[in-house]
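Have the structure open as you read.

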Amino acid sequence: ESSLPPLQPPIQPISIGAETLVVRGRPKLVELEDTTNLYLKMQKEYIDTRAEKLQIEEGGDDILTTLVKGSDLKVSINNKLRAMSEELKGLRKRMMQQSAAIQSGMLFVIAALSAEENIVMKCDKVIETTGAKLSAIYDPVWELICHTESTGLEIYEIEVAGLRATCSQSHHKQKSRVKSNLAKLVEGAAMSKPRVDEVIEGIKNRTQCRTIIPKTIKPIARVIERVMLRHEEDLSHIADMVRYRFIAPSMRRVAQICAEFHKSLDLVVVDVEDGLSQSIRPESGGLRACLVYFYHVRDRNKHVCEAEITHARLAELRYGKEAAAKKTMIKTISNLADDKGKTESKAHQGFGPLHLRLRSASEILNRLGMSPRERAGNISDVCGNVPEDSDQEGNQAERSVLGRLVHMGIGADELVQA
């Protein structure tokens, strides 16, 4: 079994690009996607049926008619709810079994990363070159926006400061009950999405902005991959299972969208990341966006959702003019496999592949414990665990550890520093 070099154009959601996993795992990924969509559809029907039952229980103007007809209807609806509940349990169980199979495949690929020659050096080079390319693309556009829309930018900064001041918490993690429970995370997202979709649709109509409301939740395979590659995170860090994107034609309109979240009685904003006017994260590759995290006021699980608000000029660079307006947030592995051999214009593709390479390289380094901020400390710890005995066994152990680090692409200067 062998994997493709991880830093060739990767396939999403398996962005580390294992050839065996793509070929053999694609049917499993498609099955999981189909099961997830079926589960979401059934969950929505279950919520609608419960609402219908509540409406019957509240009754109408004619009390006698309600008592006569309502009794039979309630029995019928209760039977339907029980049947749907059993079906939902079966779908959840199937999703978790399919997820476990995919996780096993990913584990094989991830375990092989440390054996790849110069993997750390390759990732460092990709982060440096790709980050520089993307910054050179986005920074001039953002400077132009700041120059031509200074008043709109000031209004935005006031609105986002007010929105942040009213946040109910200083982080956007899910409740601790989903920390290691994928089924609860998916269930919370499925129950939250129909309600939140309606609210986002209202914001879209009032602001008249391009708004992407995905038909489904974040691919479960990508959720598994992210948690496996970012060792410091668990499932409670996944705040974008339900996500939306607003593409505003101006900074004034960006401010208007923020104001809609601020005054909404249906949404509770828990956190805001101002990636427009404030400093941005290195892994963003220079793309600027304001991220609003919130949950629906009637959601008993308080499942946190994400809304990305960005300027149209930036979005068209990132996603392409056509793709920026599409009703999807992410491509699945099956979609990408179907697209093989087809040529698309750069305007359609945008710079998504570059962002994917940047993210893949960052996550691989994180998984190996070789991210820039922790590399020296981890190398020092690994070398410190080598026996200091002067016998032959101790020398072999030391040579083995140093040999593996050099094979991974750790330079002499970094070893000396550690």
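## Loops, cysteines and cores

Asparagine 118 is partly exposed, at 25% relative accessible area. Keep in mind that this is a predicted model. Asparagine 118 sits in the loop that links α2 (63–111) to α3 (119–148), and its phi is positive, near 60°, even though the residue isn't a glycine.

Glutamine 208 also has a positive phi without being a glycine, at about 55°. Look for glutamine 208 in the loop between α5 (182–207) and β1 (210–212). With 59% relative accessibility, glutamine 208 counts as exposed.

Here are the two side by side:

| Residue | Phi | Relative accessible area |
|---|---|---|
| Asparagine 118 | near 60° | 25% |
| Glutamine 208 | about 55° | 59% |

On to the cysteines. How many disulfides does the structure hold? The count is 0. Cysteine 258 has the sulfur of cysteine 290 as its nearest cysteine sulfur, 4.4 Å away, and is in no disulfide, because a disulfide needs the sulfur atoms within 2.5 Å. Cysteine 258 is buried, with a relative accessible area of 0%. Cysteine 209 is buried as well, at 6%.

Now the packing. The largest nonpolar core has 90 residues, and the members touching the most others are Tyr156, Phe261 and Phe294. Leaving out neighbours within four places in sequence, phenylalanine 261 is in contact with Leu163, Ile200, Ile203, Phe246, Leu267, Val269, Val292, Phe294, Ala307 and Ile309. There's also a second, separate core of 6 residues, among them Val270, Leu291, Tyr293 and Tyr295.

Notes. Residues numbered from 1 in each chain as written. Predicted model: local features only at pLDDT ≥ 70, side-chain atom pairs only at ≥ 80, totals over all residues. Heavy atoms only, no water. Core = buried A, V, L, I, M, F, W, Y, C linked by side-chain atoms within 4.5 Å. Buried < 20%, exposed > 50% of the residue type's maximum accessible area, 1.4 Å probe, protein only. Contact = heavy atoms within 4.5 Å. Helix = DSSP H or I, 4+ residues; strand = E, 2+ residues; numbered from the N terminus.
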